[in-house]
Amino acid sequence: MNQIVMLDINFQYENEPRTIHPVLLLSANDVVLVDCGYPGFLPLLEAEMKSKGIDPGSLTKVLVTHHDDDHMGALFEIKEKYPDVKVVASSEESGYISGERKSLRLLQAEEMLNVLPKEQKSFGIQFCESLRKVRPVPVDIKVKDGDHFDWGGGCEIVETPGHMPGHISLYLKESNSVITGDAAVIDSGRLVIANPQFTLDLDKAGDSLEKLISLNGDRYYCYHGGILKNPSSKAIPIN
Ligand SMILES: [Zn+2]
């Protein structure tokens, strides 16, 4: 049985069709969802899991790569419906996911409101409102660089700070694959930094992108963009 299952979550954003790609990692004792979509996305997740032959009730863990709303938004409703599910994240991100610390994205968006041109103000205000709707959830398991689990045939936590300070990615040994989160997205067949304007530390993001590329994965599972196969010849780090 395939131990790595990429989900395709299709939705409308600002009247445009969009797709995000949470990934399921299976092992003897665990069904781990890596990132979970915006608030309200649980029905979409459940439907997509079922269509891939996986019972949503079998979920044991949700790993959150970082605290952006499209990655942790559905966490609260998942915990509400499936209270035994454990939340996994880096120590650095945990304070933001649990609400002990204010979302860095919201802080950034609020600061941007002051400098946004008039015609973009209403979008800025809406964006802040949508970030405030993300409901915090305590983190049960804190992980760090090099931690190893048997999920997906064996995987290792790779710290990839930059997009956010505690961002983590995953290296899957058996299939020589990488789950990038937002540390890398696909652009014209290459791995690049996701939305530089949303990258909190561009220098670190550049180092993290190079770190992921240097893993020489056969497949990169990108939350935004899907699967990139054998990118090594094409991958150019952009700083
Ligand atoms: Zn993000």
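1. Two residues are in contact when heavy atoms of one lie within 4.5 Å of heavy atoms of the other. The model discussed here is predicted. Leaving aside neighbours within four places in sequence, histidine 66 is in contact with Asp35, His71, Met72, Glu93, His163, Met164, His167 and Asp182.

2. Histidine 66 lies in the loop between β6 and α2. Its relative accessible area is 0%, and buried means under 20%, so histidine 66 counts as buried. The side chain of histidine 66 makes polar contacts with the side chains of aspartate 68, at 3.2 Å, and aspartate 182, at 3.3 Å.

3. The zinc ion has His66 (NE2), Asp68 (OD), His163 (NE2) and Asp182 (OD) as its protein donors, at 2.1 to 2.2 Å. Aspartate 68 belongs to the loop between β6 (61–63) and α2 (69–72), and aspartate 182 to the loop between β12 (177–181) and β13 (185–187); the pair therefore ties together parts that are 114 residues apart in sequence. Both aspartate 68 and aspartate 182 are buried. Along the chain, the donor residues follow the spacing H-x1-D-x94-H-x18-D.

4. Why is the arrangement of the four donor atoms around the zinc ion irregular? The angles they subtend run from 89 to 163 degrees, whereas four donors count as tetrahedral only if all angles lie between 85 and 135 degrees. For comparison, the ideal angle for four tetrahedral donors is 109.5 degrees.

5. Histidine 67 also has its place in the loop between β6 and α2. Is this residue, histidine 67, buried or exposed? Its relative accessibility is 4%, so histidine 67 counts as buried. The side chain of histidine 67 makes a polar contact of 2.6 Å with the side chain of glutamate 93, and reaches the backbone nitrogen of leucine 104 at 3.1 Å. Beyond its neighbours within four places in sequence, histidine 67 has contacts that include Tyr96, Ile97, Ser103, Arg105 and Met164. Histidine 67 and proline 136 are 69 residues apart in sequence, and their C-alpha atoms are 9.5 Å apart in space.

6. Aspartate 35 is found in the loop between β5 (31–34) and α1 (42–51). Although buried, aspartate 35 has no salt bridge; arginine 105, the nearest side chain of opposite charge, is 12 Å away. The side chain of aspartate 35 does form a polar contact of 2.8 Å with the side chain of histidine 71.

Terms used
Residues are numbered from 1 along each chain as its sequence is written. This is a predicted model: local features need pLDDT of at least 70, side-chain atom pairs count only at pLDDT 80 or more; totals for chains, interfaces and linings use all residues. Side-chain values use heavy atoms; hydrogens and water are left out. Helices (H or I, at least four residues) and strands (E, at least two) are DSSP runs, numbered from the N terminus. Buried means under 20% relative accessible area, exposed over 50%, partly exposed in between (1.4 Å probe, protein chains only). Lys and Arg count as positive and Asp and Glu as negative; His and the chain ends are not counted. A salt bridge is a side-chain nitrogen of Lys or Arg within 4 Å of a carboxyl oxygen of Asp or Glu. A polar contact is a pair of N or O atoms within 3.5 Å; within protein, one must be able to donate a hydrogen and the other to accept it, and residues adjacent in sequence count only if both atoms are side-chain atoms. Donors are N, O and S atoms within 2.8 Å of the metal (3.2 Å for Na, K and Ca); water is not among the atoms, so sites may look incomplete. Four donors count as tetrahedral if all angles lie between 85 and 135 degrees; four count as square planar and six as octahedral if opposite donors are over 155 degrees apart and all others between 65 and 115; anything else is irregular.
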